[in-house]
Amino acid sequence: MPVLTHIEQLATCPPENPQSDAGLISDAAIAWTGDTIRWVGRRNQLPAEFNDETQIDGKGRLVIPGLIDCHTHLCFGGWRGDEFDLRISGASYQEIAAAGGGIASTVSATRAAEAESLLDKAGDALDRMLSLGVTSVECKSGYGLDEVNELKQLSVYQQLDSIHVIDLFPTFLGAHIVPPEYSSDRDRYIRLICEKLIPVIANQGLARFCDVFVEQGAYTVDEGRQILMAASEHGLQLKVHADQLSDGGGALLAAEVGAVSAEHLEYISAEGIEALSKSGTVAVSLPLASLYLAEPYLPARKLLDAGIAVAVATDFNPGSAPSYHLPLALTLACLNQRMTPQEALNGATTVAARAVSAQHRIGSLTPGFRADLAIINAPSLNQWLYHFVPNACTGVIKNGEWVVNMHDA
Ligand code: NIG
Ligand code: FE
């Protein structure tokens, strides 16, 4: 039963706390058996039964729950560095999409890629995420947009979940955009999603969630509702890419269908905020997408004040957010969304766990939870999120075992 001791600050992130309280304990210790946490508290209160157990010196560092990136588009072919240049020169994300770039160009690259190369590329990203302290990742399809290629992406996730130590939470995003070959008959594609893809994916257990992108140039509220209802009938839980580039009623739809999360919300309306506060839907903020697209940031203070839980994730994808750096997203959430460090950390741990319906097992360092934790070379949460460095994580313990160990380096 290992005991990690001499921890300068331990963030326990209990699910029952208000988001403003990350359950910080100074001069702490934590003990676990197998993959489950047994005891957490102040070092001088460590029960005698742990005294003879293997002790690991925390070296006066910060210890946090393994981070949960609850919104990514992890598997994709190619990149879109050419668009970066175009956007800097003044073209908008929507203009690039209308000219055949954007999501459609990643769909072409993903369709052309072999499953094996997609697996290698997504696996490499997971390795790097793990080194930053991330231990669970939600991952969306949505760059296949036909039966063969949506199943190819989801099968990559299924394989990666079995071989990589990071836990994956796959989401079917067949309703990302309407694929070009269906542009003159979008109803036929929606029927394919509802009548073929959702049943197959649900039956094969290839996704836990279904997401739709409700936006001009993507799907209408009515189309989104139709797809989400079909998904719900097949036992999938619901998510919505909502109000990202305009107030398109996505948050209202998420609340109406009882979605587990509404994601983006840069343009959420006052009615949308009220609806989410009543439905208990988690808001997922994606500050890296706002940074890269030069769009507004989710108005986190308004949502938190309305009692809505706000998760923070990367949105890692080749277009709007080509970065998997979740700690950077947390610093951006503090700076641009005025989330406190404790609110931001809870947003990438216990609140993120809620966004993937796993808040009773992960995202918190309390007895009974899974022993997924990250050691950060900073004396406090404030210092970590304020003094940005490329990677402050020196150790990751996943399911009770060391999986990254630079702790003594
Ligand atoms: O969440 N908004 C829709 N989808 C992604 C962007 C995907 C892309 O640009 O390839 C997002 O920002
Ligand atoms: Fe996204």
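H264 counts as buried because its relative accessibility is 1%; buried here means under 20% relative accessible area, exposed means over 50%, and partly exposed is in between, with a 1.4 Å probe and protein chains only. H264 sits in strand 10, residues 261–264. A quick word on that: strands are DSSP runs of E with at least two residues, helices are runs of H or I with at least four, and both are numbered from the N terminus.

Before I go on, this is a predicted model, so to speak of local features we need pLDDT of at least 70, and side-chain atom pairs count only at pLDDT 80 or more, while totals for chains, interfaces and linings use all residues. Residues are numbered from 1 along each chain as its sequence is written, chains are lettered from A and ligands numbered from 1 in the order in which they are written, and side-chain values use heavy atoms, with hydrogens and water left out.

Okay, back to H264. Its side chain makes a polar contact with the side chain of D315, at 3.5 Å. By polar contact I mean a pair of N or O atoms within 3.5 Å; within protein, one must be able to donate a hydrogen and the other to accept it, and residues adjacent in sequence count only if both atoms are side-chain atoms.

And what coordinates the iron ion, ligand 2? D315 does, through OD, together with the NE2 atoms of H71, H73 and H241, at 2.1 to 2.2 Å. Donors are N, O and S atoms within 2.8 Å of the metal, or 3.2 Å for Na, K and Ca, and water is not among the atoms, so sites may look incomplete. Along the sequence, the donor residues are spaced H-x1-H-x167-H-x73-D.

Now ligand 1. It is surrounded by 15 residues, the closest being R80, Y93, Y143, Q244 and S320; near means that a heavy atom of the residue lies within 4 Å. D315 turns up here too, with a side-chain N or O atom 2.9 Å from an oxygen atom of ligand 1. For Y93, a polar side-chain atom is 2.5 Å from a ligand 1 oxygen, and for H73 that distance is 3.3 Å. The protein covers 100% of the 330 Å² of accessible area that ligand 1 has on its own; that's Shrake-Rupley with a 1.4 Å probe, and for residues only the protein chains shown count as cover.

Next, strand 6, residues 134–140. How many of its residues are buried? Seven of seven. Strand 6 pairs in the parallel sense with strand 5 (residues 67–69) over three bridges, and with strand 7 (residues 167–175), also parallel, over five bridges. Pairing takes at least two bridges found by DSSP.

In the loop between strand 6 and helix 5 (147–163) you'll find S141. S141 counts as buried because its relative accessibility is 0%, and its side chain joins that of E150 in a polar contact of 2.5 Å.

Last one: K59, in strand 4, residues 55–65. K59 counts as partly exposed because it has 32% relative accessibility. The C-alpha atoms of K59 and D408 are separated by 9.3 Å, with the two residues 349 apart along the chain.
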